[in-house]
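Colleague: I'd like to learn how to read a few features off a model. Can you walk me through them one at a time?

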Amino acid sequence: MIYMDNAATTKLNEVALQKANVYLTEKYYNPSALYREGFELNMELEATRKKLVSYVADSDEFELIFTSCGTESDNTAVFNYGRRGNIVTTEGEHSAIISSVNEMKNRGVEVRIAPLNSDSSVNVEKLLELVDEKTSLVSVMHVNNETGAVNDINAIAKAVKEKNKRVIFHSDGVQAFGKLPFKLNKNVDLYSLSAHKIGGLKGVGALIKRKTLQFNPFIYGGGQEKGRRSGTENVFGIKTLEYAAEEKFKNLKNDNIRFEEYKKYFKENLNSQIFDIISSDNAIPCILCLSAKKCRGEILLHMVNDKGLIIGTGSACSSNSKNRYSRVILACGYGESVADTVIRISFSPETTMEEVVSAVEILNNSAEKLAGKMV
Ligand code: PLP
């Protein structure tokens, strides 16, 4: 099977799995336990936090709270910091943000949604118009999970703070962490990430937070994570995140060069009578969003699946949604007829050029058949 849906989830990184295995077999202690083994594990988790933060931010200014997933990290940001006045976010956000801000709306907070540009990055001018004295939280995703569009969150956060310096600025970095080189500047306050998008275990996430920000937990219990997120830490899962991140950041530059070559091959060899490229040239290298004329994305997905190729149609998390069309693609200005034909290819470091060549052939053959039937 050729797996090209790595934006939905990734295979557990082999090195990470091997290195983390010791936390299942030998170092299985509770990191909150008082005996030496527990205390040592707790110290190890402290080092892991610092290391993860250091990839994207200054670890003197930022700290990290482990969560159960990217969705929990996003919810934590919204429910903690979007409780008064208005929340400003974007049409491109993942449902982890959209559904939580909708819940805040039910609870009486005004929600303002900024439109997207045609490449699905946020329209910054329009976003800034929505920010005022009453804005408590602004949340702008770093990389869009459907198209790979990149928002310049440092510049956006700076402009937002110039309008209202009391705003808390959050970014959903789930599709960016480990995939783009960058450092958070002093205007970003919160950043979400998820282990399973970069070769770590599913069910492990983190919220990077500016140390000076006050925090009100919404999970109470044994007081883990300094009382901010109770529940015994998933030490094995956290360690897979640490080691998977280590692998990703170590190879980031070379992997991205390779992914750009894969994308080029797709662009040059897909049947141009059928396929249109939706992702812009500045999209993240590992995501390529396409439209296949006259082919319903979902049918094409099943056809190529039968031939040994796994791709996505948009966000895996929204594939259960009653809404047939991608909210993000419509927000870029495409009509329903295009939104219906969208597929997403996403690479991991394990993807090979041979797989890319086969994938293009399978896609061309299947789409030609399907488009022929639809004429
Ligand atoms: N945010 C974005 C941009 C995502 O792509 C995803 C997953 O698809 C999430 C949040 C949710 O992450 P998790 O699956 O860890 O809950």
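Colleague: Where is Lys294 found?

Modeller: Lys294 is in the loop between strand E10 (287-292) and helix H9 (297-306). Helices (H or I, at least four residues) and strands (E, at least two) are DSSP runs numbered from the N terminus. Lys294 has a positive phi of about 65° although it is not a glycine. This is a predicted model, where local features need pLDDT of at least 70 and side-chain atom pairs count only at pLDDT 80 or more, while totals for chains, interfaces and linings use all residues. Residues are numbered from 1 along each chain as its sequence is written, and side-chain values use heavy atoms, with hydrogens and water left out.

Colleague: Is Lys294 buried, exposed or partly exposed?

Modeller: Buried means under 20% relative accessible area, exposed over 50%, and partly exposed in between (1.4 Å probe, protein chains only). Lys294 has a relative accessible area of 49%, so it is partly exposed. Now take Ser120, whose phi is near 75°, a positive value in a residue other than glycine. Ser120 sits in the loop between strand E4 (110-114) and H6, and its relative accessible area of 2% makes it buried.

Colleague: What about aromatic pairs: how many does the structure hold?

Modeller: A pair of aromatic rings is described by the distance of the centres and the angle of the planes. Rings of Phe, Tyr and Trp (its six-membered ring) pair if their centres lie within 6.5 Å; planes under 30 degrees apart count as stacked, over 60 as edge-to-face and the rest as tilted. The structure holds 10 aromatic pairs. Take Phe79 and Phe218: the ring centres are 6.1 Å apart and the planes are at 35°, so this pair is tilted. The pair links distant parts of the chain, with Phe79 in helix H4 (residues 70-81) and Phe218 in the loop between strand E8 (205-210) and helix H8 (235-269), 139 residues apart. Phe79 is buried at 15% relative accessible area, whereas Phe218 is partly exposed at 42%. Elsewhere, ring pairs link Phe259, Tyr262, Phe266 and Phe347 into a cluster.

Colleague: And contacts? Which residues does Ala244 touch?

Modeller: Contact means heavy atoms within 4.5 Å. Not counting residues up to four places away in sequence, Ala244 touches Asn13, Ala16, Ile198, Gly199 and Gly200. Ala244 is in helix H8 and counts as buried at 1% relative accessibility. Ala244 and Leu301 are 57 residues apart in sequence and 29 Å apart in space, C-alpha to C-alpha.

Colleague: Now a whole helix. What do the buried residues of H7 pack against?

Modeller: They pack against helix H6 (124-130), strand E5 (135-139), strand E6 (168-172) and strand E7 (190-194). The buried residues of H7 (residues 153-163) are Ile153, Asn154, Ile156, Ala157, Ala159, Val160 and Lys161.

Colleague: Let's zoom out. How many helices and strands does the protein have, and why call it as compact as a globular protein of its length?

Modeller: The protein has 12 helices and 12 strands. Its radius of gyration is 21 Å, close to the 21 Å that the globule rule gives for 375 residues, so the protein is as compact as a globular protein of that length. The radius is taken over C-alpha atoms, and the rule is 2.2 Å times the number of residues to the power 0.38. Along its principal axes, the C-alpha trace spans about 70 × 50 × 35 Å. Buried residues make up 58% of the 375 residues. Among contacts between residues at least 6 apart in sequence, 72% join residues at least 24 apart.
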